[in-house]
Amino acid sequence: VNATNAQLPNTVTQEQIDAALVGRTFKNILINGAVNINQRSKTYAEVSNDEYWADRWKKVSGGMTQIVEDGNYIPSAVYTLSGNGVTTQQITSPASGNWTIPTVPATATNIQLELGDAATGFDFRFLPLEYFLCQRYYQRIDAEFKFDGIYGTGSVGYGVSWFLQTAMRTPPSCSVRRENGNNSGNIGIVRPKSNTSVFVQWQWNNTDNVVSRDRSAVIDADAEL
C-alpha cells in the first residue's frame, strides 16, 4: 500500500482516533475512577464518614469524595465532572492546595474529572497502572519474615525492614491488620524506616526469650490526604 495514498477505514470513528493519540490517557485526574480497586477490602457501609473505603474514595455525608493532590491539576481552570450516576457539571479548580471534589453518589462508577467544559468518554487505564497510582496513597503489605538472634523480653529493637511497593506520598502511618506465627510475642511498632516513604520496619515485643521465630503479617501503610 502506498502510504501517501492510504485511507482510514470508514469504520474508524473520531472518538477512536482521539483515544489512540498520545497524551489522551491521564485526561482523568481522578484515581480509581472505576471504583474497582479496594485494597482495604471495605464496603461503603462498613466505614464511617470521613473514612476511606475503596482506594482514594472517602465516605462523606450523602456519598463519597476524592481529594486531588496539589500539583495534579491546572489551577483556576474549568474542569468537567461526570460518570455513571453522576450529574455532569463544570467546576473550577482552586488556585492552590489539595482539591476536594464535589460529593458524588456512593454507587457511582466511571467517575471522571477532566480539563475543559465538556465530558468525554471514560479514560480506561490499564489496571496495573491504576493500582500503582493508588499505592502512592495506601498500600496493603503481605509480609513473611523470620526473626533471629533475639534475646531477652520486652521491646527488643527492630527485627526487619520491608520495601514498600512504590514510594508513597509521605512517610506513611502503619498498623498491623493481622499477625500470625510461632512462639510468643507480637509486633509492637510498625513505622517508616528513617522517616522515609520507601521502607517500613517492625519492632518485636518478645515475651518468651525464644531466639528464632517465623512471622507473617498484613500491614496497612496509609499516606492518604
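**Exercise 1. Where in the chain is Glu69 placed, between which two strands?**

Before the solution, two notes on the model. It is a predicted model, where local features need pLDDT of at least 70 and side-chain atom pairs count only at pLDDT 80 or more, while totals for chains, interfaces and linings use all residues. Residues are numbered from 1 along each chain as its sequence is written, and side-chain values use heavy atoms, with hydrogens and water left out.

Step 1. Find strand E3 (67–68) and strand E4 (78–84); Glu69 sits in the loop between them. Helices (H or I, at least four residues) and strands (E, at least two) are DSSP runs, numbered from the N terminus.

**Exercise 2. Decide whether Glu69 is buried or exposed, and find its partners.**

Step 1. Glu69 counts as buried because its relative accessibility is 13%. Here buried means under 20% relative accessible area, exposed over 50%, and partly exposed in between (1.4 Å probe, protein chains only).

Step 2. List the contacts, meaning heavy atoms within 4.5 Å. Leaving aside neighbours within four places in sequence, Glu69 is in contact with Asn98, Arg136, Tyr137, Arg169 and Leu225.

Step 3. Look for polar contacts between side chains: Glu69 makes one with Arg136 at 2.8 Å and one with Tyr137 at 2.6 Å. A polar contact is a pair of N or O atoms within 3.5 Å; within protein, one must be able to donate a hydrogen and the other to accept it, and residues adjacent in sequence count only if both atoms are side-chain atoms.

**Exercise 3. Describe Arg56 and Glu51, which belong to one loop.**

Step 1. Arg56 lies in the loop between helix H1 (14–20) and strand E1 (58–60), and Glu51 is found in the loop between H1 and E1 too.

Step 2. Arg56 has 1% relative accessibility and therefore counts as buried, whereas Glu51, at 38%, counts as partly exposed.

Step 3. Follow the side chains to the backbone. That of Arg56 reaches the backbone oxygen of Ile67 at 2.5 Å; that of Glu51 reaches the backbone nitrogen of Ser48 at 3.0 Å.

Step 4. Not counting residues up to four places away in sequence, Arg56 touches Ile31, Thr65, Gln66, Ile67, Tyr137, Glu224 and Leu225. Leaving aside neighbours within four places, Glu51 is in contact with Trp57, Lys58 and Lys59.

**Exercise 4. Which strands pair with E4, and in what sense?**

Step 1. Two strands pair if DSSP finds at least two bridges between them. E4 is joined by four bridges to strand E5 (residues 89–92), and the two run antiparallel.

Step 2. Pick out partners in E5: Leu81 has Gln89 as its bridge partner, and Val78 stands opposite Thr92.

Step 3. Look at the turn. E4 and E5 form a hairpin with four residues between them, and Gly85 in the turn has a positive phi of about 85°.

Step 4. Turn to strand E7 (residues 109–115), which pairs with E4 over five bridges, also in the antiparallel sense. In E7, Tyr79 has Leu115 as its bridge partner, and Thr80 has Glu114.

Step 5. Check how covered E7 is: five of its seven residues are buried.

**Exercise 5. What lines the second largest pocket?**

Step 1. On a 1 Å grid over the protein atoms alone, a pocket is an open set of points where a 1.4 Å probe fits, with protein on both sides within 12 Å along at least five of seven lines; lining residues have an atom within 4 Å of a point.

Step 2. There are 18 lining residues, and Phe26, Ile29, Ile31, Asn72 and Leu133 lie nearest the centre of the second largest pocket. E3 and helix H2 (127–134) each supply at least two residues of this lining.

**Exercise 6. What share of the chain's residues counts as buried?**

Of the 225 residues of the chain, the buried share is 39%.
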